[in-house]
Amino acid sequence: MTTSTSLAYLIALPLAGAVILLLAGRKADKWGHLLATALSASSFGVGIYQLTQMLAREPEERAFSQKLFSWISVGTFNVDAGLLLDQLSICFVLLITGVGTLIHIYSISYMSHDPDRRRFFAYLNLFIAAMLLLVLGDSYLNLYVGWEGVGLASYLLIGFWNQKPAYATASKKAFVMNRIGDMGLSFAIMIAFATLGTVSFSGVKEASETASTAALTGIGIMLLVAAAGKSAQFPLQAWLGDAMAGPTPVSALIHAATMVTAGVYLITRSNFIFDAAPTAQLLVVIVGAITLTFGALVGTAKDDIKKALAASTMSQIGYMILAAGLGPAGYAFAIMHLLTHGFFKAGMFLGAGSVMHGMNDQVNMRRYGALRKFMPITFATFGLGYLAIIGVPPFAGFYSKDAIIETAFNAGGLKGILLGSTALLGAAITAFYMTRVMVLTFTSPERWEEDQHPHESPFLMWLPMAVLAVGSVTTGYLFTRGDGLVHWLEPVFGEHGEHEEFLPAIVVSGMAITAVIIGVAIALIKYQFSDVDAEAPENVTEFTRIARRDLFQDSFNESIFMRPGQVLTRFFVKVDDSVVDGTVRLVGRTALSAGSELRKTQTGFARSYAALILIGAVVLIAAIWVVTQ
Amino acid sequence: MNALSTMMLLPILGTLLLAVIPSDQVLRIKQAALATTLLVAISGVLTWFNFNAADTSFQFVQSVAWIPSFGINYAVGVDGLSLVLILMSVLLAPIVVLAGWKESEGGRWSAKVFYMLILVLETMMIGVFAATDVFLFYVIFEAMLIPVYFLIGGYGTGDRAAAAVKFLLYSLFGGLLMLASIIGLYVISGANGGHTFDINKLSELHNYMSPTTQNLLFLGFFIAFAIKAPLWPLHTWLPDAASSATPGTSVLLLGVLDKVGTFGMIRFCLTLFPDASKTFTPIIITLAVISIIYGAFLAIGATDIKRLIAYTSISHFGFITMGIFAMTTQGHSGATLYMFNHGFSTAALFIVAGWMAARRGSSTIADFGGLQRVTPVMAWSFFIAGMSSLALPGLSSFVSEFLVLVGTFTRYPVAAVIATFGIVLAALYILIPVQKALHGPTTPGNENLPDLNLREKIAIAPVMAIIIVLGFYPSPLLNVINPASAHVLEVQGFTDPTPAEGADK
Amino acid sequence: MNPYNYLYLAALLFTIGAVGVVVRRNAIVVFMCVELMLNAANLTLVTFSRINGTLDGQVVAFFTMVVAACEVVVGLAIIVTIYRSRRSASVDDASLLKR
């Protein structure tokens, strides 16, 4: 492995931005956003430089490492503050800094009227730094720092407008649910250290070749818990919808393109563990399949454009997790879908922000309609992202999603058929609800509230959207040309042998396209060719009712965890006061009452004291006499 | 002159200096107190740099006969463990003086008495960690109660007299048990090579004790320390004392005095009674885990910000105790580092909470709201301190908490797993007050609260710096702690469990 | 003469003094009874000194006399003050220390 001295700059630049902006306070209001954007862009520049360095080398020698200093060293527990840039992390580095910079640019305009814009950019830079640390750390513990760092940035950004109590609650919910995932990561690290004696990626990889399956399964399951928390996967998915409380650029960057995909990174990074732990791998697949269906179903019923997109994000990450659980065949496709998704989903979120910008922050799609005429650029960029996400060839999503569906079928046996059908079904539902979003927003007749004057967004906002739209169109083709991405990632994931094809690739593609057509058709009939209510109708099917309530995820969490937790808290408070402290107070009261009883012997008559003394002396002498006899 | 004795002498000289300043010159008194504590802090840092970490025996040793007929000496010396705690104490003292600039006013007595008490307390804080004579340790251990009693009872708020008495009685009870054990040690030492209170000689003594004797003597020490630390179920004095005392006193109480408990567990319980420690380990680990979870739940349920912080400390002391009795190098070093880090993160929380309460005239969480927009610097200080308290990676507490968990997991996986649930509860007990007090709309009564002034910023900045720097670079501390904790475990006859790499397959 | 007889006398005097303290109300009489007890003790000390042939007992007896003298000074002053304020020298009347 080659050492490099410039990796730290990737993180240091945005981190410096965050520190400067936060410490400078109001003084930086004028130039803070520019500095933050410039630093994010220069980090992207360093990333590009690193990529050229990598490309100039042989595939096996492309990984760079940098040891900064010894972080924690106690006994055999030695963790360096070390960075690792290999073929996998460079994909993330470029995605994070590239999309991140675009979103910085977008936010300059989007947040221009907010008095706290500087603080917003400070948080964005903090996020970029933490996310880069997450993907660059060379051990699980370093990753953990970035892992919670992005959680913190996400918390701060979801609660950016925390003067609204609901938003403050949403940010707290996200942090706490993420912490449950983080706990999984803690367990994974602890098991790794206790059984393998190391927590670095290279060390664990080496040790995993000889380690017991039980240990690896334990680590794998705990990593899955961590991934589920961060990536909003079943059963820790409930925070993502509420996280839409944050400003829209945040939803685009953190809750669509980058942070929520960290779980996919974690699982693919730990490929050596999952390859040797089939049970854990199976659980990964199950979680992915459940979530992709779950998210898609929720997406069909959401009227809030951001929540619909959030449900879709959840579902698309379900695809990635599913692919990551399919072993060596799927890792590269998971990453490919992650990258293409980063482009089209970020683009669509920015588009949603653009729509909200033109519609006085209205998020209810039932109050949109006919915006195609008023926002042509937004319509075009959003539309390209839409075509990409539903998987229309030759847009990016087609290549990546198709590959996942194909791999799912190829998993073999009943498992393959089940997974493949789930993925296909998901694709159909995706096509349905995304068409619904598209139709309700842009092409159906207008259902605006009064005093709406939709207008196209300014240049600084549509430029990033346009760049992302270009990515949504081209990346799929670029990544698959000559199996480019798969070969690029081979040194990390290892080569996988030829798989027995369950169905010919062309058949799977045909099925996928058919599913998409069915989904689109239903949506068109329901929404384009029939009237849409401006208010959400009440007389809906039981299914819609459940989907609107996110399949009861909040009710479930509340009744299983929150309420019992509150009861438990009250119980402990009561116990502490009445039992534990009560015992202490009882001792005190006993002493006091004993004192007041004994005090009654103090009559105030000097002669009775004298008599008592006399009696005492006589008794004492008698006692001594008796004892010494 | 001996570095430790100098450090102990300086605050005494400062007290004498204060004594000659007229009581009405309050500013002069404060300046003198601040200058003294700063001087002590500087000499503490110098001592730190003169310390040889590789040497595991006591350094800066001085021994003067005190009561020769009982073999009692004024004997001081430090190893890595005590040096870290002394450094924490002397760094906290000037911060406490500066942060609590106004809290000495409005007490039962004058500001002069307040600062004299603080300085006397500082001498004892250094002495209690530096003492290598068990009797000297005991005397300071008990004498420390006096200034704290007057600081709580004379300058606190609310039901301060009752809280002070509760604190005093609780501590005296523990001290009495410890005294019994110390006398027991003395008697046994007399029967085995001559009366002594020297810790080095006493640590050989366990070879001559029957298991029952050792267990009883161990319990005497341990209960005293468990009250100090405080460990469930001996904790109920802490919330009362911490919420009634002035913020500065609470910082010294939680940050330094309580550490005497966990310090004592390592220095006396483990060193003097290794076999008894092993016997009681399962019970103590259980109590520690209960403390972690129980303290966290109480913190979640707390309605008063000061009580909340006190409850979080109960949870944190559970972690420290668990790390100590896990008997692994990671657990031990983690616990020691935890003591240092907890000192600063709790100090920050308490100082800022004190400022909030002083401005608002109330410490009920529900009375605050939307402070982030009114007093951003104060809100940020509270937030960072809170993040450190919930052990966010990148801040100092994470390193220590994770070391404790990892160190415990290798020997007691179940305890570590249950304790790890504490990190989710930690997120709740920090984020709930953050949401209620800092976020949300600005509620009536909070619109015009002033933000931190320059003095307050200067007071809190070093704490923040320590919290952040040690999160990324704890090596300077760990380098000093590691040899000391390895030495303790070596004496105990423990080695780290080896990883079960490639158990089957 | 057998020195033990002095001890019997001392015990007798002490008993008279002790009973007097308990049964008499007049402060002056109580006071005199206390003196009687002190001197009974003195007698014992001196007797033991004689029996053992050392001077220790006699030295302590001198101490006792000095203490007794001081006690008389303070005690009589208190009694006189109480008598002035309450027109009574009964010890039972001076029970204000009771709560």
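**Chains and contacts**

Modeller: This is a predicted model. To start with chain B: of its contacts between residues at least 6 apart in sequence, 81% join residues at least 24 apart.

Colleague: What is the secondary structure of chain B?

Modeller: Chain B has 20 helices and two strands.

Colleague: How much of chain B is buried?

Modeller: Buried residues are 62% of the 505 in chain B.

Colleague: Switching topic. Which chains have the most contacts between them?

Modeller: Two pairs of chains touch, and chains A and B have the most contacts. That contact involves 47 residues of chain B and 47 residues of chain A.

Colleague: Which helices of chain B supply at least two residues each on that side?

Modeller: On the side of chain B that touches chain A, they are α12 (274-301), α14 (329-360), α17 (396-409), α18 (413-438) and α20 (475-492). The largest share, 10 residues, is from α18(B). By class, this side of chain B has 27 nonpolar, 15 polar and five charged residues.

Colleague: Where does chain C come in?

Modeller: Eight residues of chain C are in contact with nine residues of chain A. The chain A side of that contact has five nonpolar, three polar and one charged residues. Chain C does not touch chain B, and the nearest C-alpha atoms of those two chains are 23 Å apart.

Colleague: Back to chain A, then. What is the strand order in its sheet?

Modeller: The order is β1-β2-β3 (chain A), in an open sheet of three strands with mixed pairing.

Colleague: Why is one side of β1 and of β3 in chain A left without a neighbour in the sheet?

Modeller: β1 (2-3) and β3 (77-85) of chain A are at the edges and have a single partner strand each, so one side of each has no neighbour in the sheet.

Colleague: How do β2 and β3 of chain A run?

Modeller: Strand β2 (residues 64-74) of chain A and β3(A) run antiparallel, joined by nine bridges. In this pairing, A:S73 is opposite A:N78 in β3(A).

Colleague: What packs on the sheet?

Modeller: Helix α1 (residues 7-24) of chain A does, touching β2 and β3 of chain A. The direction of α1 makes about 75° with that of β2(A).

Technical notes: Residues numbered from 1 in each chain as written. Chains lettered and ligands numbered in written order. Predicted model: local features only at pLDDT ≥ 70, side-chain atom pairs only at ≥ 80, totals over all residues. Pairing = 2+ DSSP bridges. Helix = DSSP H or I, 4+ residues; strand = E, 2+ residues; numbered from the N terminus. Contact = placed C-beta atoms within 7 Å. Axes fitted to C-alpha atoms, helices over the stretch in contact; angles between N-to-C directions. Nonpolar A, V, L, I, M, F, W, Y, C, P; charged D, E, K, R; others polar. Buried ≥ 20, exposed ≤ 12 C-beta atoms within 10 Å, placed from the backbone.
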